[in-house]
Amino acid sequence: MAGGNTGGASGEALLEVREVWAGYHDLDILQGVNLRVERGRIVTIIGPNGAGKSTLAKAIFGLVRVRRGEIRFKGADITGAKPSRIVQAGLCYVPQERNVFPNLTVLENLQLGGYVLGARSEARIREMFEMFPVLQEKRHQKAGVLSGGQRQMLAMARALMLDPEMLVLDEPSAGLAPNVVEQVFQKIRDIHRSGRTILMVEQNARRALAMSDWGYVLDMGKNAIDDAGPRLLENPRVVELYLGTLGAAAGGRGSAGAEA
Amino acid sequence: MLQFIANGVVVGAVVAVTAVGLTLVYSILKLTNFAHGDMVTFGAYVALLLNLSLGLDIWWTLPPAFLAGALLGVLGDRLIWSRMRRRQAGSVSFIVASIGLALALRNLIVFFFGAQTQHFRLPVEMRQPLGPLPVKLTPDEVHVIVAAVVLFAGVHALLRYTTIGRAMRAMADNPSLSWVSGVDVDRVITWTWILGGGLAAVGGVLYGMIRPIDPNMGWFLLLPMFAAIILGGIGNAYGAAVGGVLIGIIQEASVMFLPAEYRLAVGFLAMIAVLLTYPRGLFGERSLT
Ligand SMILES: Nc1ncnc2c1ncn2[C@@H]1O[C@H](COP(=O)(O)OP(=O)(O)O)[C@@H](O)[C@H]1O
Ligand SMILES: [Mg+2]
């Protein structure tokens, strides 16, 4: 669809998803999804539960098979590429759930994030400890015993180990207490300010869209609407159809409800 | 009583070595490998061949047996398991295939070595009980225990302190996150089979030192191996080792009260009794180490 390519036609597309069909077993969850993220931007995907947002993130990283369409990063085709190749190209990922190794220590989690760096990962780990001081304190504890917020910080730090140009975050604020949500968004802003491009999926739509250059609404595996982040927030269709239901859906889990 | 415990520790050491390999394969590859027992048998026959035809001292057969077992494991993965993974076969298919592989291995062994019971050629003095000890143990039995401890220390060091070991634990913990962390998954899988197959084969050699060798020896060891890993907490390598020793002791101790044929059943009953109290095993099933 045309809307997928209007994400500010001026800049260079760092990540491009073109007419992607993907899913589990024989069921296509994504049915011709388009997405374009320009270098240096923050882009947010919203949409109801089950819309296929996480499936799209997994498709980008080769965790679900892309049956049709194409995914390009920095102009190169990465459709179905090995995840190790994708992360080495500078595109890293914080999954929605299970985004740390619970039985490994904090330090070991970071070492795993820097697996392809070999010996060079030591220096990078020190940088991560500077950026996330709480992780240094907890470095010899198992990730499974961290609080929700600490775990999310570890998940981001693990994904930043390779110093990626672009980070994909799937619902980074889900299930966190309001003050922790604030910290997580602050970190995302810091990560963006350090020169990285951000693509995030968020249920906390108001907060996320407000800080985004561009926003996509995904529904039933298809692009519904996309527009500049703040404008999307004022779009009556989005408010009626998505922010309303999102507020209700997320309210049940106690995240975006208060804001909606 | 003490004597039975001593016997149990010897048998348990063998169960522990083999069960650790079984649990590694299970937790990293999510494969319940019923062919593991026959990989144990395979190791015993590799050593038998080297021991009888080349006259190699039994202790010198351990490294080649480990290598042969590792090779068998890696080969099995290349020929069978990797293909099934690529086709996203269901877990029942994997179990059925592993039972098929178990039968195939056993029949190959019968074909090449015959079905009769055989023995390693061991120096006689190794079969004489050691001097003034409260229990009767032969030097070979003591060596079996020492070998098991050394092997386990090696596995521990590898899992704890090496990059590949860390990646193996990560794969057991969260496969898709390892994948998107850039872990070389194929390499982890290969190492899992090197360890799993190698430990099975070496366990088979140790087993052959404390009992006669026949084509069914490994298959019948499956029951205590599974009991050990379930007892220790499924997928927990340390639990498997401790579970192995416990199962060995329980089995041997039961001989005081029951005919020896009931040994295996007693080990399994003990496991069920423990599970009724600790449903997740003695050490929990969360982590590989
Ligand atoms: N591993 C899976 N196997 C089969 N179906 C799945 C799997 N994960 C998600 N789905 C299905 O795919 C659809 C989209 O899920 P998902 O992409 O997680 O949605 P969202 O992240 O937008 O909430 C849902 O209907 C969900 O039930
Ligand atoms: Mg999701």
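Across the interface of chain B and chain A in this predicted model, 9 residue pairs are found in polar contact, both partners of each pair having pLDDT 80 or more. On the side of chain B that touches chain A, the elements giving two or more residues are α6 (163-173), α7 (175-180) and α8 (185-210) of chain B, and the largest share, 7 residues, is supplied by α6(B). Sorted by class, that side of chain B is made up of 8 nonpolar, 8 polar and 8 charged residues. The count of salt bridges between the two chains is 2; in one that can be located by name, D186(B) is paired with K82(A), with 3.5 Å between the closest N and O atoms.

The extent of the interface can be given both in residues and in area. Contact is made by 24 residues of chain B with 24 residues of chain A, and the two chains bury about 2,100 Å² between them, with 56% of this on carbon and sulfur atoms. Within chain B, the residues that lose the most area to chain A are D173(B), L177(B) and V180(B), which together account for 29% of what that side buries.

Turning to chain A by itself, its secondary structure consists of 10 helices and 10 strands, and 55% of its 260 residues count as buried. Among the contacts in chain A that link residues at least 6 apart in sequence, 67% join residues at least 24 apart. The accessible surface of chain A amounts to about 10,600 Å², and 51% of that surface belongs to carbon and sulfur atoms.

One helix of chain A deserves a separate look. Helix α3 of chain A, residues 106-113, is largely enclosed by the rest of the structure, because 8 of its 8 residues are buried. These buried residues are V106(A), L107(A), E108(A), N109(A), L110(A), Q111(A), L112(A) and G113(A). Their cover is drawn from both chains, and includes α4 (121-131), α5 (133-137) and α6 (148-160) of chain A together with α5 (139-161) and α6 of chain B.

Helix α4 of chain A, one of the elements covering α3(A), contains S121(A). With a relative accessibility of 5%, S121(A) falls under the 20% cut-off and therefore counts as buried. Apart from its neighbours within four places in sequence, S121(A) is in contact with G114(A) and M161(A).

V185(B) has a relative accessibility of 10% and so counts as buried. When residues up to four places away in sequence are set aside, V185(B) touches M171(B) and W179(B). Between V185(B) and M168(B), which are 17 residues apart in sequence, the C-alpha to C-alpha distance is 8.9 Å.

Most residues other than glycine have a negative phi. In chain A, R98(A), which is not a glycine, has a positive phi near 45°, and R98(A) is placed in the loop between β6 (91-94) and α3 of chain A. At 52% relative accessibility, R98(A) counts as exposed. In chain B, Q88(B) is likewise not a glycine and has a positive phi of about 55°; Q88(B) sits in the loop between α3 (62-86) and α4 (91-113) of chain B. Q88(B) also counts as exposed, its relative accessibility being 65%.

Notes. Residues numbered from 1 in each chain as written. Chains lettered and ligands numbered in written order. Predicted model: local features only at pLDDT ≥ 70, side-chain atom pairs only at ≥ 80, totals over all residues. Heavy atoms only, no water. Helix = DSSP H or I, 4+ residues; strand = E, 2+ residues; numbered from the N terminus. Buried < 20%, exposed > 50% of the residue type's maximum accessible area, 1.4 Å probe, protein only. Contact = heavy atoms within 4.5 Å. Areas by Shrake-Rupley, 256 points an atom, 1.4 Å probe, with all protein chains shown as cover. Buried area = accessible area lost by both parts, 1.4 Å probe. Salt bridge = Lys/Arg side-chain N within 4 Å of Asp/Glu carboxyl O. Polar contact = N/O pair within 3.5 Å; in protein donor to acceptor, adjacent residues only side chain to side chain. Nonpolar A, V, L, I, M, F, W, Y, C, P; charged D, E, K, R; others polar.
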